[in-house]
Amino acid sequence: MASGTRKNISVGRDMHAVPDLNNAVADAASIGFDFIVAPIFHPRFQRCAAPEADYPYALTRSDFVLPSNEWSRIVVGRISPWIDVDSPCEHLRKSSERALVQEINYAIHLCQPTVIISLRNVNCANLARIINSYLVKNTQLQFWIQTPLIHPRAFVDNLVDGDSPSAYHPPASRDDDPWHWWNTLRMLCSNSTKLGLVPEIQANLPDHDILSRLCGEPVVAAVLPTHVFLNNNKGFPVLSQLHQSLMQRLFKLDIQPIVSGSAKHERGIKVYLQYISHLHQSLPAPGPVESFARGYEDFLQSPLQPLHDNLESQTYEVFEKDPIKYKQYQEAVYRALLDRVPEAEKDTKVTTVMVVGAGRGPLVRQSLEAASRAQRLVRVYAVEKNPNAVVTLRTFKEEEWKDRVTVVAGDMRQWDAPVKADILVSELLGSFSDNELSPECLDGAQSFLKEDGI
């Protein structure tokens with residue numbers, strides 16, 4: 001995605017009962033929804049623990065109802081709400097286990113990309129066990145975990161205590177905090193990237209810290225019931241300022257809103273979709289850094305080891321996108337050149353600049369531009385051990401830098417420099433500021449720096 005533009009948002013329609021799936025898909029598409037959430041089995045079809053063979057009829061709709069590309073592209077399956085695999089009731093627990101496996105297996109058979117499971121409380125060890133059994137199979141199925149933002153019990157307690165139903169009080173225990181329900185399941189599933197959080201937005205929102213914590217999670221979608229919308233002066237549905245702020249924060253995570261509930265407006269459900277699209281388009285255009293970093297916000301990445309491994313071109317590109325760092329490097333070299341070379345010697349004195357760990361050459365380029373600004377003569381050595389990056393450096397030398405730059409293919413720790421450097425330039429930082437062995441590398445490079453060098 002080019003910087004300065006924001007891609008269109010994908011919005012879904014939650015349908016709790018779908019008698020005719022073809023009509024439901026067609027109606028949602030005609031309104032403008034990108035996908036629907038539909039129950040895999042009838043939501044009131046509560047099966048017992050008997051094997052499937054005991055049923056003489058089809059348990060759910062046939063896969064012939066839709067072509068396979070539509071099952072995989074525009075239908076997200078919802079697990080039946082009665083299923084409770086962690087129920088203290090043994091009969092319900094066993095029936096739920098069998099039913100959950102049935103529904104997940106059928107979703108995989110239909111090539112559905114995602115299933116949504118509602119999480120009711122912190123007791124989810126058995127659910128995690130079943131989900132893990134699919135995660136280890138390397139299935140492509142994604143599990144979206146839906147939770148409320150606030151435990152429904154909080155509103156009941158407010159009424160009992162005589163408080164306003166909208167008053168928010170922090171949960172009395174971890175068991176009453178839906179975030180801990182999600183966190184428990186996530187931890188039991190080893191933080192699998194195939195698990196995504198789907199918060200259900202309620203009319204009453206928790207405090208700022210709770211919402212900030214939410215925005216740090218791998219939120220993939222958000223359920224927006226129609227009853228949380230207000231009517232503006234013209235009678236159209238809008239969100240409150242607090243809800244708008246929350247949704248705009250979630251939009252930056254590329255979430256997919258899911259509209260649930262019946263339309264409260266005479267023009268039907270389409271006006272809710274139009275409002276959500278308008279709210280998304282009102283966001284400021286993303287800058288170059290935000291655009292380039294999109295998709296990496298919520299993932300722990302393995303630390304880079306550039307001394308041990310040769311970095312890929314994409315990794316170099318990520319570092320080179322920094323809008324500030326290289327300008328500061330240029331400014332530092334510029335001032336160092338002015339400091340070392342008096343105005344009277346600018347046409348005769350040549351300053352030796354060595355860029356150690358040159359990568360694809362951003363610091364070489366900044367050093368040359370600094371010399372041009374300062375009107376000083378320089379001879380630049382670009383030292384790089386990655387043979388793939390050296391190809392790029394030599395291409396720049398042939399096409400742009402010419403004789404101003406000498407490319408050295410090798411490890412700075414073993415390089416026998418022909419001259420001493422006036423200025424030594426490096427950006428050995430790695431991922432955790434020191435995992436590229438900066439001290440060890442630069443300690444070796446000190447041997448070819450002049451005593452009064454910078």
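Reply: Let us begin with strand β2, where F35, V37 and P39 on one side and I36 and A38 on the other are all buried, so that both faces are covered. Buried means under 20% relative accessible area, with exposed over 50% and partly exposed in between (1.4 Å probe, protein chains only); strands (E, at least two residues) and helices (H or I, at least four) are DSSP runs numbered from the N terminus. This is a predicted model, in which local features need pLDDT of at least 70 and side-chain atom pairs count only at pLDDT 80 or more, while totals for chains, interfaces and linings use all residues. Residues are numbered from 1 along each chain as its sequence is written, and side-chain values use heavy atoms, leaving out hydrogens and water.

Me: Which strands pair with β2, and in what sense?

Reply: Two strands pair if DSSP finds at least two bridges between them. Strand β1 (residues 12–14) pairs with β2 in the parallel sense over three bridges, and there R13 stands opposite I36. The chain crosses from β1 through α1 to β2 in a right-handed β-α-β crossover, a term which applies if, with the strands pointing away from the viewer, the path from the first strand over the helix to the second runs clockwise. Strand β3 (residues 75–78) also pairs with β2 in the parallel sense, over four bridges, with V75 standing opposite I36.

Me: Which residues have the most contacts inside the largest nonpolar core?

Reply: A nonpolar core is a set of buried Ala, Val, Leu, Ile, Met, Phe, Trp, Tyr and Cys residues joined through side-chain atoms within 4.5 Å. The largest one here has 79 residues, and those with the most contacts inside it are I131, F143, L185 and L250. Apart from it lies another core, of 24 residues, among them A370, V378, V390 and W401.

Me: How many cavities of 30 Å³ or more does a search of the whole structure find?

Reply: Rolling a probe the size of a water molecule over the atoms shows where empty space is left. On a 1 Å grid over the protein atoms alone, a cavity is a set of points where a 1.4 Å probe fits but cannot get out, and lining residues have an atom within 4 Å of a point. The search finds three cavities of 30 Å³ or more. The largest cavity is lined by 16 residues, of which I83, D84, S118, R120 and L127 lie nearest its centre.

Notes. 1 Å grid on protein atoms, 1.4 Å probe; cavity = no way out; pocket = protein on both sides within 12 Å on 5 of 7 lines; lining within 4 Å. Points joined across faces, edges and corners; volume = space filled by probe spheres on them.
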